[in-house]
Amino acid sequence: MGFVLIVHAVVGTGLLLRARTGRAATLVALLAPVTALVWWAANLGTVLDGGVVTEVHRWVPTLDLAVDLRFDGFAALMVLIVSGIGVAVFAYSWSYFDAAAPLGRVMGLLTLFSGAMLGVVLADNLILLYGFWELTSVTSFLLIGDRYRDAAARSAALQAILVTGAGGVAMLFGFVILGVEAGTYRLSTILADPPAGAAVTAALLLIAVGAFTKSAQYPFHSWLPAAMVAPTPISTYLHSATMVKAGVYLVARLAPAFAVVATGWRPLVVVVGLVSMVAGALRALRQHDLKLLLAYGTISQLGFMMVLFGVGLEATSLAGCAVILGHALFKATLFMVVGIVDHGTGTRDVRHLPALGREWRTTRAVAVVAAASMAGVPLTFGFIAKELGFQGMLDASMTGNGVVLGVLVFGSALTAAYAARFVAGLYGAYRVATPTGAPAAADPTSPAAPRLHAPSRSFLAPAAVLSVLTLVFGVAPALLDGLVGEAASSLAGVVVDAHLALWHGITTALGLSAIAVLGGALLFLWRSRVDRLLAVGSRLPSGNDGYHASVAGLLGGADRVTGVVQNGSMPVYLGVILVTAMVLPGTALLLDAPWDGWPQLVDSWVQVALVAVLLSVALGAAIVRHRLSAALLLGVAGYAMAGLFVVQGAPDLALTQAAVETLSTVLFVLALRRLPSRFERRSTPVTRTLRLAVSAVVGITVFGFALAASSDVQPRHVADEIVERALPDGHGRNVVNVILVDFRGLDTLGEISVVAVAAIGAVALARAGRRPRGEPRPSTAGPGGTPRHAFVEVVVRALVYITVTVSLYLLVAGHNDPGGGFVGGLVAGAAVALRYIAGGLDDVRRMVRTRPWSILGAGLLLATLTATVPLLFGHPVLENGSWDLALPLLGDVTITSALLFDTGVYLVVVGLVFMVFEAFGGEATRESDQTEPPEQPDELVEREEREEART
Amino acid sequence: MSVLLAGAAAALFAIGTYLVLQRKLSRIIIGIGLLTHGGNLLLLTAGRRGLPALIGEGDPSELSDPVPQALTLTAIVITFGVTALLLALAYRSWLLSRDDEVEHDLSDLDILLGRGSHEDDADLLERLEQLDDAEPPASGTDPT
Amino acid sequence: MSAIVTLPVLLPLLAAGLCMLFGRSRRAQRAVALTALTASTAAAMASLIAVDRDGTVVVDAGGWGAPIGIVLVADRLATIMLAIATITLLLVLVYAIGQPGAERHHVGFQSAYMILAAGVALSFLTGDLFTMFVAFEMMLTASYVLMTLGGTQDQVRSGMTYVVISLVASVLFIAALALLYTATGTVNLADLSERIPTLAPGLQSAFALLLLVVFGIKAAVFPLFFWLPDSYPTAPSPVTAIFAGLLTKVGVYALIRTQLLLFPDAARPATVMLWIAGLTMVVGVLGAVAQNDLKRILSFHIVSQIGYMVMGLALFTVAGVAAAVYFIVHQVVVKTGLFLTGGLVEHVGGSSRLSRVGGLMGTAPMLAVLFLVPALSLAGFPPMSGFIGKFALFDAGVGSAEFWVVSAGVVAAFLTLFSMTKIWAGAFWNPKEREPQATPHDPGRWGGPLLMVVPTATFAVLTVAIGLWSGPIYELMTRTAEGLLDPSVYRSEVLDR
């Protein structure tokens, strides 16, 4: 079996890849269903002897998902239908499609579909079945929409996939519940020993939804008529003969096991089936388009099968098997005939159909036979099947089978009526005289009136063969005893011996059949009256309304929800985030907070003073409306922090904090100096109160959390061990620095890479839209614009040299005393700042010959290399090494790799400072900057290169 | 940690939040500055306070806990780098729009104000009327 | 082995340094970057195989053992993430080089990209919560730079939102670290997982929830995701692709790691997470339905799909966690692929707005395939990875009788299909309604420049391959989940050596 599926996959994909193939595609495509039929014939024997052919390939054992194929009686029947009709349709396509048109895509998709459909009927694993099921939906979607330039085709395709897709996911949910309840996803095992319970019932209802959508049952039916925009071969194959039967197939499989177990399931399926049967037929009776008539007929017939299979008893299942085959035969034929007529006359509308002359004799004959079978006229297989159905319902040990039977007969009568309407239509009973007299032209939707031509033999052949079969099985139904019997048995799980016969004597069933046919005849004769009645019914809302209402509702609802949550305002986003971040843990703490009294109130009075300063300037920064003073206040807050660090006993931290604060204040001033100096007050009282509320929540939660966290403090095992090992193993007295470059060197490595990339980003942003350097500037003076003075020059140079030396000292000494690469770098940065204040950007640029980029790169590279080198010698990354060298003057010095690492840090920081001045240092902007658009990034690169050239 | 410092950190968080919830980027940046101060304060005070953590300064038990100091230092540096980037953003935004206002997201506004036109969903919304009254849809054959 | 494990972190950093030095030569930068990423990919693959075979590899950075030093812990989860991440980074870099856009125009691109790569790798590998903070910062800062490289008005606006919100998240992270250290005196994950259970129960769950929020912002879960759909679409498409593929997943990884390792069952906020999962799935996908721009639709799908992963995790069962991890891998592949396709659509159609592109089915059929495969995978069609992922999650959910969250997943699954068909109809079937802003390029035979098409196609192939070979892959996921659900394993691997 797997082999057959693979053939379909290969042929299908091959055709898709050769999308431009012409007619030949149909012949290539035939390969697939023919292979399937051959395989079918080869294995039929086993099945007819009551055996099954199984084949299992592992896929995801952990999830109990396997390619688990099972060929039993019912599967055999379905494969025959799928591949048999497949052969007919593919052959039909040869003549149907325009010889010149590229067919690769359509035929490829059709082949893939037929493979997927075979998968559905062969799969013995629920999830696998679902998979193939969805594949049939996709292929159907792509096929309906294949002529995508036509809006009708597009929307029909969308409607089809959305409706069946919705049913599909519901079905998957049902399958999963069923599988979990049964402890396996293997269908045959589940059916052999069906689980029970509320969950199972829910599962089956969900599955039923899937089946209804797929088999176009009310109220989900409306996608099927819409799908009729597709070319006839597609409608024939997918939307009458095979795909729409998938739902029926599923019900047929599940019903015998669950019809009784799952309370409420059987009534649901039966009622939906009956409604669809009657409503579909009534709709069919009103159609003028032959194709739509057949489409509604299909809905009605599928309803009939739903009822028969849904009951889930041997007799009814047997009948169902007969009906499913009979329907495939006559409905495929009728569709093909409609295609032929459409092809030959340019219309399918019975009101515009021209008179079909003698040369159409055969076509008409074929149609009449098929229609008779649909109506259930004796000597056609349709009659046999239908009578089996009535018989089955008569014997059914089911409450209310009488009512069901009644409705079935009524439905059959309607079926007979629309069958008659179809034939009458072909014979021109509904033709309306058109002024032009050119019937085809009267139909606006038809292509420019083609000349009337009867079908070629090859065009009609497939349909003809099928209706011959209808007759043969109608006369000698016993031929099918084995197949249909085995199919029913495999469903029921017990041996059902079938005796399909034309004549059972005068039975109630025969009477019912007679009533149905004659009733149909009457309905047809009184059609004028009937039509008036039906016209009333047409005012009721259709499934189509439901579909469009729900789509519109969905889109509208989505807009509303999204409009509310995704309102595009950052303050709101931040507010929500902060509140969530506080409320969730806050509640947990409130529910049971660990609380053993207040900890120590105050450590030292210096702290109190510092905190007072800190908070007051913080408040100031929040309140003042003057940009720069706000920035300066933030700076002061930073220094207060540094003070707190000192009190806490963290000199390195204090140093860093102070240096960082200085630099960032400078940054602020540089970056914001040109922005309007004041923030205008714009927020409304409401928003301000909200803001205050959020801030209050945040403050309180943080406070509470901090106290709770410090309520039971555990021993500082990590810190103690680090302090202990810093000097002996870390070769440094300054524990903090040892941690930074050694214990947690990796953090530092990451940290400097952050700094480096931030610097790059800042320059890229600030530089975009700035005049390339090297062009003459109005003045080389600093931001102060003060003229340069020799004395100032000397002092500045001196200061710069001093600061640089200090910074180097801090770098080297850092390992044992407060300092380290980072602080060192920042101090060096201060030197740069000095230069800037004195001489502006040009002076800064003159300080070093290399680009700041290279400084950054070198630093990062050095640090990373010191981290990587140990790997080469089989040591762990970042491991520290130390070398003792005897240097002239200095004597013996130990160089630790930590120092190299720290130098890397130093360089990165220096690089950063240079970059920062590059970014903000230039005379911030000229009028031209606001007008000129952000310069083309290309120029950015070019500028880089020009700069290279200059240095 | 002492109640005082916990309170200080909490207050910094509160004030920072108030600033962050505004529209002017330069205010937001100041707010973030305060928030990070709060975070760093929490981080530092997570460790024992004492003498500077220099071996030999005193008995190891009197030294301050060096680990949080190292962590805080890293944090400070990182936030510094990112703040520089953020300033560059403000600067750029001013170059482009003469302002550092954080504007609404326009596409979101469209949908909020029902301007999220579903022009692209025509196919979904289009009704095939002929399915309700019995008018035939387009002829099913390829024009030959 | 321990050396190889660290390469995905170190090589990109070295490359970043070199790229800054080679600022002037784009060719040199590309060579360096490609070499670094290829090598890291190889290393990641090697370590995945080795770790799965011989067990977790623990590296002591600096030679100090845990908890005083930083350890890199390469267990199954970490190496799986590492492998998929490095492949993605490599392919997207190729695409970026092939695309006339961000990479060509900015000397900073390669350096930033490399630091992003290093950050991602480090956040997977580290066994230390503070180092994870640093890694996040590397990743995020690089992402700020990549996002705003163009410096256009849109980028600056969304850049502000993105940067500010990420910064606030970082502050929260710092606060969490501070409070954790206050209570336990350590930031080493294994050490934390030993000490947290000794804390007061209220404190434990408070920490669990705080970390949930901290990483929830990065992972973009409801109600913390609003920043994502506003900021991602504005970046150049390869950048958006890598963000979509990796960044949020790093957040999810952190969630999985911390919730499973640090907190005992009682402290895990399972119920809250299930709610978050359900809401994220549905609200996210509704957002997608409301959009009319390809990139925005996809961005909302990122969010919605994160919900599935959180759901898997929130079940706290082997089945659930395994499904979640599998789903992450699937999502990285599919989302990146879709965004790359989106980039191609923009390149060929001149816009990412559905009403402005159209008829691509006729003009660029190859593109239709490149979209259809990952789109169907995302919507959960066989035989692609999405099919397995969706089924596995539902199976796990029903297995733990969490019917409501599964129903949310079912609804989301349908709406995903809905908006995929919407894109398909809009971009590939519909005729163009309005002219695009940018000039369309000729798709040529392959649907675009080969250097862009090949990586995109590779992702399409990957999702099919993962789906077909789910057997062994899923067994790996199950082994991973079993390991994750028993923290004592991790602890002993890291601490008692």
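Two residues are taken to be in contact when heavy atoms lie within 4.5 Å, and on that basis 130 residues of chain C are in contact with 117 residues of chain A. The model is predicted, so that local features need pLDDT of at least 70 and side-chain atom pairs count only at pLDDT 80 or more, while totals for chains, interfaces and linings use all residues. Residues are numbered from 1 along each chain as its sequence is written, chains are lettered from A and ligands numbered from 1 in the order in which they are written, and side-chain values use heavy atoms, with hydrogens and water left out.

Between them, chain C and chain A bury about 10,500 Å², where buried area is the accessible area (1.4 Å probe) that two parts lose on being put together, summed over both; 78% of this area is on carbon and sulfur atoms. On the side of chain C, the residues that lose the most area to chain A are C:W64, C:I68 and C:W429, which together account for 8% of what that side buries.

Across this interface the rule finds 1 salt bridge, defined as a side-chain nitrogen of Lys or Arg within 4 Å of a carboxyl oxygen of Asp or Glu. The side chains of A:R744 and C:D128 meet in a salt bridge, at 2.7 Å from N to O. Helix α18 (residues 403–429) of chain C gives the most to the side that touches chain A, with 14 residues, helices being DSSP runs (H or I, at least four residues) numbered from the N terminus. That side of chain C divides into 84 nonpolar, 34 polar and 12 charged residues, with Ala, Val, Leu, Ile, Met, Phe, Trp, Tyr, Cys and Pro counted as nonpolar, Asp, Glu, Lys and Arg as charged, and the others, Gly among them, as polar.

On a 1 Å grid over the protein atoms alone, a cavity is a set of points where a 1.4 Å probe fits but cannot get out, and its lining residues have an atom within 4 Å of a point. The largest cavity holds about 260 Å³ of space, and of the 19 residues that line it, A:E661, A:S664, B:G33, B:T36 and B:T83 are the closest to its centre. Two or more lining residues come from each of α26 (627–648) and α27 (651–672) of chain A and α2 (25–45) and α3 (66–97) of chain B. This lining comprises 8 nonpolar, 10 polar and 1 charged residues.

The second largest cavity has a volume of about 110 Å³, and among its 14 lining residues A:N737, A:L740, A:F822, A:D902 and B:L73 lie nearest its centre.

Conventions:
1 Å grid on protein atoms, 1.4 Å probe; cavity = no way out; pocket = protein on both sides within 12 Å on 5 of 7 lines; lining within 4 Å. Points joined across faces, edges and corners; volume = space filled by probe spheres on them.
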